[in-house]
Amino acid sequence: MKIFWPVFATILAAVAVIALIATRKITFWRIVDLIVGGIFIYAGVVKALDPIQFGIDIDNYKTLPWFISVRLAFYLPWLEIFCGLALIFRFLYRGGLSILAALTAVFIVATIAAKVRGLDITCGCFGHASKNWSFSTHLALDLAILVALVALSFRVASGNRPQNAV
Amino acid sequence: MKTRILTFTLSIFLCAAARAELKWEQTTADLHPAIGDKQAVAHFKYQNVGTTPVHFKSVHASCGCTAAQSQKEQVAPGEKGEVTATFSIGDRTGQQVKTVTVQTDDPNPTQATTILTLRAMIGTPFEIKPTFVYWQSGEEPKPKTVVVKASKDFPAKNLTVKSNSQVFTAKVEPAGAGEWKIEIQPKETSHPTATALMIQSDFPKEAPRSFYVNAQVNPPVNVPANAVATPAKNPAGPAQQ
Amino acid sequence: MRWRLRRRTRPVQRNNEIFVSGHWLRQAAVLVLFALVPAIGEAIYFRDKVSWQSPIPASELVTVDQARAWGDSSIWVDARPDEEFARGHVTGAVSLNEDRWNELLPQFLPKWSPDKKVVVYCSAQSCNVAREVAKRLRDEAQLKDGEGKNCVFVLQGGWEEWLKKNR
């Protein structure tokens, strides 16, 4: 789907506008929230639109039986969307953060495991739009997301920001 | 959180430790055959980095269209070689993925089997939708449209169509840059007939590519007749086909 | 367990979270449950289009018995390479493979009409060739039955299954 960049940019821009209006101020970490949340919402929407293909993509990892893969294919995208929303609107924030961190970490491990086993996977994390990306591109992006999520969790754990920041 | 980081790091080390005696330069090959190529060949190079000779038990491909073989059967320590996979493209289009399974006599079962992946993006000069138009016997002979889009690396300017059939006529209408609409219409649909319409492009000049669109009038179907005027009769109507 | 959750809950006055609802585990549980709702809704919507038990969409697969029951209103397509077809094929099947697609398709099409269901088979269930041929028939040739619905099916179990049932 060549609609990746325009759609993603629009979602991001819209969310940024909402956030700016709501808080009249925006910090770097808030932007990280929005970007990461946006990525997961985008990824979730793309997969929710074609759950059958996503089920096949999960099955390609050959770690789960088809029975589970197909049910997961319907569920995971929505989980991503809701957690992405949680990040953006800071509602159930910590819950969303932990779920996304867990998902990303598990996914990275699964991807590396599949690569080691010599399986050919066309990923599926960003739907079939990303099927032409190389393994390293996928891995790099996922690691970057994991790092961002971990950083955000540390900020939460450290009791958080000074009074005036958002 | 800490356990997650630990599992993640551990998995990286495990990957690093799992080095086969036979070390492959790459196990995935991305090929981009030119439009019109009949074959795509991938060379999977390897080297025996172990201390004992490696013997190939079998090298075989997932699909009959891919021929795979190893240069040598026995690889001495330090020796290099390659497995060649030749993918006969045939009339395939789009993204093709074929695998070659290599089995060696490595005592470690996970390292004994290697799966080599060959990925080839087969470009077509034209995207034709649909490649087949049909009418039912007795259906109104309205024209049906086939949309043809030329791919980016195929700068055809003109399409002409030839019909060998008495029944079918075809008209080509340009519909923008690199796009055409072909209108196909049968004169009548009373008799079953089938034909292949040849669409000729003007590129490349030396040997312009052509392709076919199939058109046919299907024979009448055996249906209990709403069409038959006398309901008292056998609903199957006159014997068909 | 409540005291443990209590202890880990942050003070309510947080500057930057609009809503706070306690322990992160509880938040995560809420999200996990919330996500189930649209997921189940979507699963219900797609219930007929998905093969819940095996990896090929149910509406595309057909068993040997089902296909044979179609009798004359079916046309069988052998998606395997020429040599395999020559060695043996389903009686009356038409050879249509990707090696010689452009040549074989015009030979197959006159035998088809919208009242005929197409049964594509190849060697063994895990083989993708039948699915690829079926997909091309659906996408490129756009074969559909009289009601505009799918009429191209893949034989479950493939050539081997047919052989078993014909011994």
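**Chain contacts, a sheet and a helix pair**

In this predicted model, chain B and chain C meet through 17 residues of chain B and 16 residues of chain C. On the side of chain B that touches chain C, the elements giving two or more residues are E16 and E17 of chain B. The greatest contribution to this side comes from E17(B), with 4 residues. Sorted by class, the residues on the side of chain B that touches chain C comprise 8 nonpolar, 7 polar and 2 charged.

The strands E16 and E17 of chain B also pair with each other. Strand E16 of chain B covers residues 193-200 and strand E17 of chain B covers residues 210-218, and the two run in the antiparallel sense, joined over 8 bridges. To find one of these pairings in the structure, a reader can look for B:Ala194, whose bridge partner in E17(B) is B:Gln216.

Both strands belong to an open sheet of 4 strands in chain B, in which the order is E11-E17-E16-E13 and the pairing is mixed. Strand E11 (132-136) and strand E13 (160-162) of chain B each have a single partner strand, so these two stand at the edges and one side of each is left without a neighbour in the sheet. From one strand to the next, the twist averages 20°.

Chain A can be followed next. Its secondary structure consists of 6 helices and 0 strands, so that the elements read α-α-α-α-α-α from the N terminus on. Chain A has 166 residues, of which 39% count as buried. Among its contacts between residues at least 6 apart in sequence, 68% join residues at least 24 apart.

One helix pair of chain A can be described in more detail. Helix H4 (residues 66-89) of chain A packs against helix H5 (residues 93-116) of chain A at an angle of about 135°, and their axes are 8 Å apart. Because of this angle, H4(A) is oblique to H5(A). The crossing in which H4(A) passes H5(A) is left-handed.

Where the two helices meet, H4(A) supplies A:Leu79, A:Cys83, A:Ala86 and A:Leu87. Facing them in H5(A) are A:Tyr93, A:Gly95, A:Gly96, A:Leu97, A:Ile99 and A:Leu100. The contact of H4(A) with H5(A) has 8 nonpolar and 2 polar residues, with no charged residues.

Terms used:
Residues numbered from 1 in each chain as written. Chains lettered and ligands numbered in written order. Predicted model: local features only at pLDDT ≥ 70, side-chain atom pairs only at ≥ 80, totals over all residues. Pairing = 2+ DSSP bridges. Axes fitted to C-alpha atoms, helices over the stretch in contact; angles between N-to-C directions. Contact = placed C-beta atoms within 7 Å. Nonpolar A, V, L, I, M, F, W, Y, C, P; charged D, E, K, R; others polar. Parallel < 35°, antiparallel > 145°, perpendicular 65-115°, else oblique. Left-handed = near helix turned anticlockwise from the far one by under 90°. Buried ≥ 20, exposed ≤ 12 C-beta atoms within 10 Å, placed from the backbone.
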